[in-house]
Amino acid sequence: MKAVTLTLNGEPRQLTGAATLAELLGELGLDPRAVVVELNRHIVRRTELAETPVRDGDTVEVVHFVGGG
Amino acid sequence: MREVVSGTETVLDQPLVIAGKAFRSRLFVGTGKYRSNDEMVSAIEASGAECVTVAVRRVDLDRRKEAGILHHLDPARYFLLANTAGCYSADEAVRYARLGREAGFSDFVKLEVIGDQETLLPDVTGLLAAARQLVTEGFTVLAYTNDDLITALRLEQAGCAAVMPLASPIGSGLGLLNPYSIRTIKRRLTVPVIVDAGVGTASDACLVMEQGVDGILMNTAIAEAADAVAMATAMRRATEAGRLAFLAGRMPRRETAVPSTPDRGLLA
């Protein structure tokens, strides 16, 4: 199986086993209800995370709310 | 309209309504720059604010202890208003607004499009473009803007639910620099006007509310105070005092004195 490399929050990241965005969040130890995922600049709804595959060269952003004015 | 109960702070005001959402407190507060999350939570509680602003940022994948703000603020208790702080173009601001809507609990967004790093003053061209786009996407847009009437009018025409002119630059603590502009914007707009940014201490908040605006939003003045909880309390009272003074209607300014004690009955 070909190694999958993403750009994840601006950094290159090699996937070990995750094939979908939901599995990626699981690998990162993140609760999908607490974050929002953007795949190649498009928001992926929480309900679609499990069926959205990650592919070599994808750009993924994982964001959440922090303090701000 | 008003109900008087015994004691202090008793004259009840109308709630502030933005796009059908009612707020009893006219003080909105930010959640940035606090020394600790505990202090932030205590200060927000002391402020009496119902609407608190939050920002969208990358999850820090290396330091998991830097948990999101939802671990500290209960979204059932506070109305979370996502901002687009740090955005320097309309496209960026629209991107952040969409992420905030997806992360959050409403279609409200505090729209900021910044034009200059030193002053953090708004880029009004980008702001108007982003506001128009977000309104077409169904957002309830609260637009952070200059104390400029023409931009404020155009934001209202663009469909913004509230217009948020600055008192002075973000984080400056310079207070209300142009009361005339703020009064004019309030007089000419139909949508709520919420003064956002620049207050430094309680008298600034009071003076802002005395101009008749619908609300006030602040962050640094509370977060950077030596005692944030005490300042949050002061800001709550100042916001109420200024609002009540506006509703009460101040006496006229006179160039000459008028005695408070009767002249009649003076001894010959």
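In which handedness of crossing does α2(B) pass α3(B)? In this predicted model, in which local features need pLDDT of at least 70, side-chain atom pairs count only at pLDDT 80 or more, and totals for chains, interfaces and linings use all residues, α2(B) passes α3(B) in a right-handed crossing, a crossing being right-handed if the near helix is turned clockwise from the far one by less than a right angle, and left-handed if anticlockwise. Residues are numbered from 1 along each chain as its sequence is written, while chains are lettered from A and ligands numbered from 1 in the order in which they are written. Helices (H or I, at least four residues) and strands (E, at least two) are DSSP runs, numbered from the N terminus.

Two packed helices are described by the angle between their axes and the distance between the axes. For helix α2 (residues 90–103) of chain B and helix α3 (residues 124–136) of chain B, the angle is about 40° and the axes lie 8 Å apart, where axes are lines fitted to C-alpha atoms, for helices over the stretch in contact, and angles run from 0 to 180 degrees between N-to-C directions. The pair α2(B) and α3(B) is therefore oblique, given that angles under 35 degrees count as roughly parallel, over 145 as roughly antiparallel, 65 to 115 as roughly perpendicular and the rest as oblique. On the α2(B) side, Ala90(B), Ala93(B), Val94(B) and Ala97(B) meet Gly126(B), Ala129(B), Ala130(B), Gln133(B) and Leu134(B) of α3(B), with contact taken to require C-beta atoms, placed from the backbone, within 7 Å. This contact of α2(B) with α3(B) comprises 7 nonpolar, 2 polar and no charged residues (Ala, Val, Leu, Ile, Met, Phe, Trp, Tyr, Cys and Pro count as nonpolar, Asp, Glu, Lys and Arg as charged, and the others, Gly among them, as polar).

A second pair in chain B is formed by helix α4 (residues 149–157) and helix α5 (residues 179–188), which pack at an angle of about 30° with their axes 10 Å apart. Helices α4(B) and α5(B) are therefore roughly parallel to each other, and α4(B) passes α5(B) in a right-handed crossing. Leu149(B), Ala152(B) and Leu153(B) of α4(B) make this contact with Ser181(B), Thr184(B), Ile185(B) and Arg188(B) of α5(B), and by class the contact of α4(B) with α5(B) has 4 nonpolar, 2 polar and 1 charged residues.

Helix α8 (residues 228–248) of chain B has 21 residues, which at 1.5 Å a residue should span 30 Å, in agreement with the 30 Å between its end C-alpha atoms; the expected span is 1.5 Å times one less than the number of residues. Buried residues of α8(B) include Ala228(B), Met231(B), Met235(B), Arg236(B), Glu240(B) and Arg243(B), a residue being buried if 20 or more other C-beta atoms lie within 10 Å of its own, exposed if 12 or fewer, and partly exposed in between, with C-beta atoms placed from the backbone. The buried residues of α8(B) pack against β3 (27–29), α1 (37–47), α6 (202–210), β10 (215–218) and α7 (220–223) of chain B. The axes of α6(B) and α8(B) come within 7 Å and cross at roughly 30°, which makes α6(B) roughly parallel to α8(B). The contact of α6(B) with α8(B) has 12 nonpolar, 3 polar and 2 charged residues, and α6(B) passes α8(B) in a right-handed crossing. After α8(B) comes Gly249(B), with a positive phi near 85°.

In the loop between α7 and α8 of chain B lies Glu224(B), which counts as partly exposed with 15 C-beta neighbours inside 10 Å. The C-alpha atoms of Glu224(B) and Lys33(B) are separated by 7.3 Å, although these residues are 191 residues apart along the chain.

Asn9(A), in the loop between β1 (5–8) and β2 (11–14) of chain A, has a phi near 45° and is partly exposed, with 18 C-beta neighbours inside 10 Å. Ala19(B), in the loop between β1 (16–18) and β2 (21–23) of chain B, has a positive phi of about 50° and is partly exposed, with 16 other C-beta atoms within 10 Å.

Between the chains, 18 residues of chain A are in contact with 28 residues of chain B. On the side of chain A that touches chain B, the elements giving two or more residues are β3 (36–39) and β5 (59–67) of chain A, and β5(A) supplies the largest share, 7 residues. The residues of this side of chain A divide into 10 nonpolar, 6 polar and 2 charged.

Key. Two residues are in contact if their C-beta atoms, placed from the backbone, lie within 7 Å.
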